[in-house]
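Hi,

Here is the model I promised to pass on. Have a look at it first, and then read my notes below.

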Amino acid sequence: MAAILLSALAMTVIVGVRYLAVSGAFAVATRAVRPGLYAGLKPQIGREIGWSLASAAIYGVPAGIIAWGWQARGWTRIYADPGAWPLWWMPVSMLLYLAAHDSWFYWTHRWMHRPRPFRLAHAVHHASRPPTAWAAMSFSPLEALTGAVVIPALVFLIPIHVAMLGVVLAIMTVMGVTNHMGWEMFPRAVVHGPIGRWLITASHHQRHHQHYRCNYGLYFRVWDRLCGTDRGLGSFDRPARRN
Ligand SMILES: [Zn+2]
Ligand SMILES: [Zn+2]
């Protein structure tokens with residue numbers, strides 16, 4: 001029992017520190033690339049950090065319990081021997097995790113934009129206007145719960161090498177931060193080229209935070225395109241400067 005608690009606590013600390021490190025790094029980058037972009041947003045950033053650290057516990061506890069079960073009881077389909085599955089399975093499993101997470105996110109996110117679920121679960125996330133690099137995990141506890149179950153469920157369903165799981169978590173963390181930081185870090189050729197037609201970067205999620213009922217996806221634009229909710233890319237003009 002003590003080992004389970006310790007693992008849950010350790011994972012909460014890891015998720016919290018990872019958030020602070022990655023958001024902090026991109027906040028520093030923002031100061032260099034777009035000086036003054038977060039001017040006057042200090043109170044909002046304080047709230048974003050508070051909600052995000054609460055989310056860290058909600059993500060960390062189930063992840064910690066499962067990490068303990070993996071080590072102590074052989075739970076999950078996470079494998080450490082690279083030869084346990086064919087090598088081609090590594091990139092395929094990574095893509096499957098991203099696609100599954102993206103699908104879950106699209107439909108729960110779209111549902112949370114109905115009036116009642118929005119008030120109960122999603123308003124906290126949209127209270128950031130405009131969001132900053134600190135808003136990556138700024139969710140109410142209810143919304144954080146809907147996100148916290150995805151990877152813990154997938155590790156029981158889809159075999160994945162532990163390093164590929166690390167890659168999935170890294171992509172999740174970096175994209176969560178950069179999609180909210182208020183500027184586009186990818187080159188124009190990527191964002192406005194064939195890759196950007198299918199991948200979500202800051203320009204796409206920015207439009208969700210401007211217009212709400214569109215661009216619900218997480219990594220890919222597939223569901224938005226299939227369901228007619230994709231409204232293209234947003235711009236990063238400061239509202240004070242234009243219109
Ligand atoms: Zn968002
Ligand atoms: Zn939303």
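Some housekeeping: residues are numbered from 1 along each chain as its sequence is written, and chains are lettered from A and ligands numbered from 1 in the order in which they are written. Keep in mind that this is a predicted model, where local features need pLDDT of at least 70, side-chain atom pairs count only at pLDDT 80 or more, and totals for chains, interfaces and linings use all residues.

**Helix packing**

Two packed helices are described by the angle between their axes and the distance between the axes. The axes here are lines fitted to C-alpha atoms, for helices over the stretch in contact, with angles from 0 to 180 degrees between N-to-C directions. Helices (H or I, at least four residues) and strands (E, at least two) are DSSP runs, numbered from the N terminus.

Start with α1 (residues 2-33) and α2 (residues 42-73): their axes come within 6 Å and cross at roughly 135 degrees. The two are therefore oblique to each other (under 35 degrees is roughly parallel, over 145 roughly antiparallel, 65 to 115 roughly perpendicular, and the rest oblique). The residues of this contact comprise 19 nonpolar, six polar and no charged. For those classes, Ala, Val, Leu, Ile, Met, Phe, Trp, Tyr, Cys and Pro count as nonpolar, Asp, Glu, Lys and Arg as charged, and the others, Gly among them, as polar.

α1 also meets α7 (residues 162-178). Those axes come within 10 Å and cross at roughly 45 degrees, which makes α1 oblique to α7 as well. On the α1 side the contact uses Arg-18, Val-22, Ser-23 and Phe-26, and on the α7 side Thr-173, Val-174, Val-177 and Thr-178 (contact means C-beta atoms, placed from the backbone, within 7 Å). That gives four nonpolar, three polar and one charged residues.

α7 has another partner in α3 (residues 89-111), with axes that come within 9 Å and cross at roughly 40 degrees. Met-90, Ser-93, Met-94, Tyr-97 and Leu-98 of α3 face Met-164, Val-167, Val-168 and Ile-171 of α7. Eight of these residues are nonpolar, one is polar and none is charged.

**What UniProt says**

The unreviewed UniProt entry lists "transmembrane region" at residues 51-70, 82-100 and 149-178. In the model, 51-70 is 100% helix, with its end C-alpha atoms 29 Å apart. The entry also puts "domain: Fatty acid hydroxylase" at 94-229, a span that is 60% helix and 1% strand. UniProt positions are in the numbering used here, feature names are shortened, and annotations may be inferred rather than shown by experiment.

The peptide bond from Arg-129 to Pro-130 is cis, with omega near -5 degrees. Pro-130 sits in the loop between α4 (115-126) and α5 (141-148).

Which residues other than glycine have a positive phi? One is Thr-76, with phi near 75 degrees, in the loop between α2 and β1. Thr-76 is buried, as 20 other C-beta atoms lie within 10 Å (20 or more is buried, 12 or fewer exposed, in between partly exposed, with C-beta atoms placed from the backbone). Another is Tyr-212, at about 65 degrees, in the loop between α9 (202-211) and α10 (222-226). Tyr-212 has 13 such neighbours and so counts as partly exposed.

Cheers

Note on methods. Two residues are in contact if their C-beta atoms, placed from the backbone, lie within 7 Å.
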